[in-house]
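Please have your viewer open as you read.

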Amino acid sequence: MTASTATTVESFRPALHYAARNTWLNDPNGLIHHGGVYHLYYQNNPVDNVWGNMSWGHATSPDLLNWTEHPVAIACDEQEDIFSGSIVFDRHNSSGFGTATAAPLVAAYTSAFKAGSAHHGVQAQSLAHSLDGGYTWTKHASNPVLNRGSAEFRDPKVFRYEGPVGSYWVMIAVEATDFQVVLYKSDNLKDWDLLSSFGPANATGGVWECPDLFPLPVDGDPENVKWVLVVNLNPGGPNSGSAGQYFVGDFDGTTFTSGTTVTEGVQDPDRLGEYQWLDWGRDYYAAVSFSDAPDNRRLMISWMNNWQYANEIPTSPWRSPMSLAREISLHAVDGRLRLAQRVAEDPATVSGLSPVFELAEATVSNETLVLDGAAGSVQHIDLTFTPGTAEEFGLVVRTDGTEGTRIGIRPADGRIFIDRRNSGLTDFHESFASIDSAPLLPIDGSYQLSVYVDHCSVEIFAQGGLVTLTELIFPSATSTDVALYATGGTATVSGLNLTRWA
Ligand code: FRU
């Protein structure tokens with residue numbers, strides 16, 4: 001590889017998002033805030049930048065922006081690959097893995113048993129613990145602790161349930177090809193009793209993976225708490241490939257009852273638009289929330305990629321970024337309970353940056369208006385569009401006038417879209433060049449957008465994060481302009497401000 005090609009390839013390395021130094025990653029695992037830092041473990045191939053040798057990589061951050069990579073935390077061996085899972089702080093040493101002076105962190109992960117194991121072909125749940133705050137881990141001698149003899153039983157998310165019926169550990173995991181979430185309970189993290197199961201329901205166009213279950217107050221009201229069940233699925237997302245759906249309902253300590261089930265059983269995929277999605281873009285998968293986030297916040301990170309083309313995206317020596325960490329909240333909107341998402345820690349505040357470009361108000365009329373002085377390849381853009389007579393309006397990011405990524409709204413269709421067909425490198429996989437859309441309605445006549453552009457991604461939070469679209473792009477390093485556009489008439493832009501890192 002020539003020096004100039006190497007520079008071009010490395011120019012995709014994200015500035016605001018985590019990516020491993022020189023290896024492959026997929027799902028975030030074991031997210032926990034502990035010892036004053038955020039721990040991000042992740043599905044990692046420690047020796048290559050394609051999927052394989054699955055182990056848990058590890059990074060920490062004080063602020064969800066600046067990450068430090070650490071040595072592999074839990075490594076695969078001849079017996080097992082270490083698939084996805086979660087970590088809890090076992091503060092009262094219920095597991096007995098602690099000492100008189102140190103309570104353990106306990107990881108629950110899926111052992112994907114290999115040919116070297118007596119359990120070959122089975123996926124079952126196993127434990128490891130750490131007494132040094134999450135940096136070194138010891139596998140439990142009696143693994144696996146929960147084995148159903150299934151080849152598709154994976155992705156345990158453990159949390160502490162405290163409710164009217166008691167206080168105990170709950171594990172939720174999937175029977176992936178049955179489109180089922182299964183719930184178990186335990187007092188010691190080692191012995192698990194079945195509580196209930198959920199599914200199939202709503203989207204079933206692909207295997208169910210990486211579930212999560214957590215309570216959230218509706219519109220911040222502590223007297224009105226609902227439970228959110230997140231089910232990632234692959235493929236079968238609203239714009240094809242990997243995606244995350246969610247259900248809102250109640251959990252009584254045994255059973256999750258969904259109040260948002262539209263269709264029960266295994267469906268044909270025609271009703272995808274009726275289900276609730278964490279994100280409508282093509283690159284937001286395996287989303288899962290942190291344990292013990294400060295101030296009771298519900299913070300999530302996802303893998304910013306799609307299994308359709310994950311192993312082929314044109315980055316090197318690393319492959320796949322994580323999303324920004326998002327804070328999730330629950331709201332009653334037009335008679336529906338819906339999640340809203342916003343970036344958990346404002347990267348501009350963490351970086352000490354102020355906007356470099358501001359526009360109080362401007363009308364765009366049948367034109368593409370390049371914003372002078374706003375160019376960059378890592379930006380956060382906030383703005384509001386109020387439709388005039390235009391049939392379509394929006395912005396173009398990472399553009400040089402020839403290539404660009406278009407973020408557009410078509411009010412008559414009630415939709416927002418991201419068009420990356422001409423975003424730069426797209427031909428590394430046949431399904432990458434896409435135009436993907438989501439339903440979007442005006443609020444008080446306007447559309448508010450918050451857009452994070454990084455070297456290889458665009459994350460769009462629309463209408464206060466009620467709708468999000470997250471996608472990878474691979475533009476030329478020289479495509480740095482930002483433009484506003486309107487076709488077929490006028491649209492007014494107000495309150496635009498832009499922060500730039502590069
Ligand atoms: C989701 C997933 C999980 C599994 C892991 C393996 O992307 O398929 O179900 O645990 O990746 O890397």
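How do the residues of the lining of the largest pocket divide into nonpolar, polar and charged? They divide into 17 nonpolar, eight polar and 10 charged, where Ala, Val, Leu, Ile, Met, Phe, Trp, Tyr, Cys and Pro count as nonpolar, Asp, Glu, Lys and Arg as charged, and the others, Gly among them, as polar.

Please keep in mind that this is a predicted model, in which local features need pLDDT of at least 70, side-chain atom pairs count only at pLDDT 80 or more, and totals for chains, interfaces and linings use all residues. Residues are numbered from 1 along each chain as its sequence is written, and side-chain values use heavy atoms, with hydrogens and water left out.

**Largest pocket**

- The largest pocket holds about 880 Å³ of space (a pocket is an open set of points on a 1 Å grid over the protein atoms alone, where a 1.4 Å probe fits, with protein on both sides within 12 Å along at least five of seven lines; grid points are joined across faces, edges and corners, and the volume is the space filled by probe spheres set on them).
- Its lining has 35 residues, and Arg 160, Pro 215, Asp 292, Asn 296 and Arg 298 are the closest to the centre (lining residues have an atom within 4 Å of a point).
- At least two lining residues come from each of E5, E9, strand E13 (207-218), strand E14 (221-234) and strand E19 (326-333) (strands are DSSP runs of E, at least two residues, numbered from the N terminus).

**Ligand site**

- Around the ligand sit Asn 26, Asp 27, Gln 43, Trp 51, Met 54, Phe 83, Ser 84, Arg 154, Asp 155, Glu 209, Tyr 285 and Trp 307 (each with a heavy atom within 4 Å of it).
- By class, this shell has five nonpolar, three polar and four charged residues.
- Strand E1 (24-34), strand E5 (80-89) and strand E9 (153-163) each give the shell at least two residues.
- A polar side-chain atom of Asp 27 is 2.7 Å from a ligand oxygen atom, and a side-chain N or O atom of Asp 155 is 2.6 Å from a ligand oxygen atom.
- On its own the ligand has 320 Å² of accessible area, and the protein covers 94% of this (Shrake-Rupley method, 1.4 Å probe).

**Second largest pocket**

- The second largest pocket has a volume of about 450 Å³.
- Among its 22 lining residues, Arg 336, Arg 338, Pro 439, Leu 441 and Val 467 lie nearest the centre.
- Strand E20 (residues 336-343) gives this lining its largest share, four residues.
- Domain 1 (20-343) and domain 2 (353-500) each contribute at least three residues to this lining (bounds from an automatic or database domain assignment).

How values were computed: A polar contact is a pair of N or O atoms within 3.5 Å; within protein, one must be able to donate a hydrogen and the other to accept it, and residues adjacent in sequence count only if both atoms are side-chain atoms.
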